[in-house]
Amino acid sequence: MGSLATHFTASLFLVPLGIRRLLCSSSLYLQNPSQYRSKLWYFSNPRWKNLDFYALVIALPIASFADVFLFLTFSGLPIYRFAFLQRSLVFLFFWVLTVLIVFRENFDHLLIHESLVFVFSAILFVAEYSVIGKGINGLGEILYEWLGGLTLVCAACCLYLSIRPTAFFAEFLLSSGIVFKGTWSLQAGLSLYSDVFSLKGCHKFLTDVVCDLEEDTLRGVTLINLLFVGHAIGVLTTCLVLFGILSSNWNLRYADGTGSLLSEPDLLHDIEVE
């Protein structure tokens with residue numbers, strides 16, 4: 001369950017987060033491909049450049065408490081009511097993930113192993129998949145199935161990075177997947193909760209989108225699939241273009257992509273240069 005506002009807010013967080021991660025990881029990879037290693041988060045100096053991370057630290061518990069409130073006050077079907085509670089737990093555990101990242105970046109790295117945090121991230125994405133579109137039927141179910149598939153892709157990337165942190169293609173897929181989740185979340189919100197972008201011949205009934213005629217249903221399914229392909233082409237093209245621009249223009253690379261915590265090879269390189 002959700003609304004256009006919640007889907008727009010999710011898109012507002014996910015798209016910039018994915019693009020920033022792509023820019024930072026690509027900058028690191030292009031700087032020295034043989035020594036590239038994925039990071040849990042690409043922190044930067046000065047600290048205000050990490051605004052997206054701080055926004056997540058604040059927004060996630062607020063979203064969790066909001067879903068708890070809806071769980072306590074919602075008077076509809078029990079399946080929808082408990083969906084709020086399950087989603088609030090997912091938000092809470094993602095907030096725990098941000099806390100783990102902060103602890104690892106500011107204290108001894110040996111206390112919290114990076115691979116374990118990537119595994120924890122993969123588990124959280126799977127947990128998110130289990131609550132996406134729960135109780136939604138009709139055409140909305142198809143929209144959320146695609147969104148769930150993107151979530152599983154992100155989970156698989158995190159799991160692979162826990163084993164092979166040097167695999168840039170997994171990092172690229174993870175960043176692109178996060179951007180894709182953001183754009184498709186907005187598309188789902190527009191298709192389900194906006195009259196302007198609603199599917200022809202279909203209408204909203206309670207929390208579902210239903211069509212009066214089978215022909216309208218088939219047309220709606222086809223349109224959703226075409227929109228997904230369009231989003232996929234658009235996101236992939238955008239990410240490849242950004243990578244190409246970074247590879248051909250050294251000055252445009254994200255200089256602070258390594259953050260305040262340089263990897264050991266980068267530190268040794270700086271010492272040798274001095």
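This is a predicted model: local features need pLDDT of at least 70, side-chain atom pairs count only at pLDDT 80 or more; totals for chains, interfaces and linings use all residues.
Colleague: How many salt bridges are found in the whole structure, and which residue pairs with Asp 52?

Modeller: A search of the whole structure gives five salt bridges. In one of them, the closest N and O atoms are 3.8 Å apart, and a salt bridge requires a distance within 4 Å. Asp 52 lies in helix H2 (residues 51-73), and its partner lies in helix H1 (residues 4-31), 32 residues apart. That partner of Asp 52 is Arg 20.

Colleague: Is Asp 52 buried or exposed?

Modeller: Asp 52 touches Arg 20 and Trp 41, leaving aside residues up to four places away in sequence. Its relative accessible area is 19%. Buried means under 20%, so Asp 52 counts as buried.

Colleague: Which residue forms a salt bridge with Glu 171, and are the two residues buried or exposed?

Modeller: The partner of Glu 171 is Arg 21, with the closest N and O atoms 2.5 Å apart. Glu 171 is in helix H6 (residues 168-193) and Arg 21 is in helix H1, 150 residues apart. The relative accessibility is 0% for Glu 171 and 8% for Arg 21. With the cut-off for buried at under 20%, Glu 171 is buried and Arg 21 is buried.

Colleague: Arg 87 forms a salt bridge with Asp 67; how does Arg 87 count by accessibility?

Modeller: The closest N and O atoms of this pair are 2.9 Å apart, and the pair links helix H3 (residues 78-106) with helix H2. Asp 67 is buried at 4%. Arg 87 has 22% relative accessibility, which lies between the cut-offs of 20% and 50%, so Arg 87 counts as partly exposed.

Colleague: Are H4 and H5 roughly parallel or antiparallel?

Modeller: The axes of helix H4 (residues 114-131) and H5 come within 8 Å and cross at roughly 165 degrees. H4 passes H5 in a left-handed crossing. Angles over 145 degrees count as roughly antiparallel, and therefore H4 and H5 are roughly antiparallel.

Colleague: What classes of residue make the contact of H5 with H7?

Modeller: Helix H5 (residues 139-163) and helix H7 (residues 214-248) pack at about 25 degrees, with axes 10 Å apart, which makes H5 roughly parallel to H7. The contact includes Leu 139 and Trp 146 of H5 and Gly 220 and Phe 228 of H7. By class, the contact has no charged residues, three polar and eight nonpolar.

Terms used. Residues are numbered from 1 along each chain as its sequence is written. Side-chain values use heavy atoms; hydrogens and water are left out. Helices (H or I, at least four residues) and strands (E, at least two) are DSSP runs, numbered from the N terminus. Buried means under 20% relative accessible area, exposed over 50%, partly exposed in between (1.4 Å probe, protein chains only). Contact means heavy atoms within 4.5 Å. Axes are lines fitted to C-alpha atoms, for helices over the stretch in contact, and angles run from 0 to 180 degrees between N-to-C directions. Angles under 35 degrees count as roughly parallel, over 145 as roughly antiparallel, 65 to 115 as roughly perpendicular and the rest as oblique. Ala, Val, Leu, Ile, Met, Phe, Trp, Tyr, Cys and Pro count as nonpolar, Asp, Glu, Lys and Arg as charged, and the others, Gly among them, as polar. A crossing is left-handed if the near helix is turned anticlockwise from the far one by less than a right angle, and right-handed if clockwise. A salt bridge is a side-chain nitrogen of Lys or Arg within 4 Å of a carboxyl oxygen of Asp or Glu.
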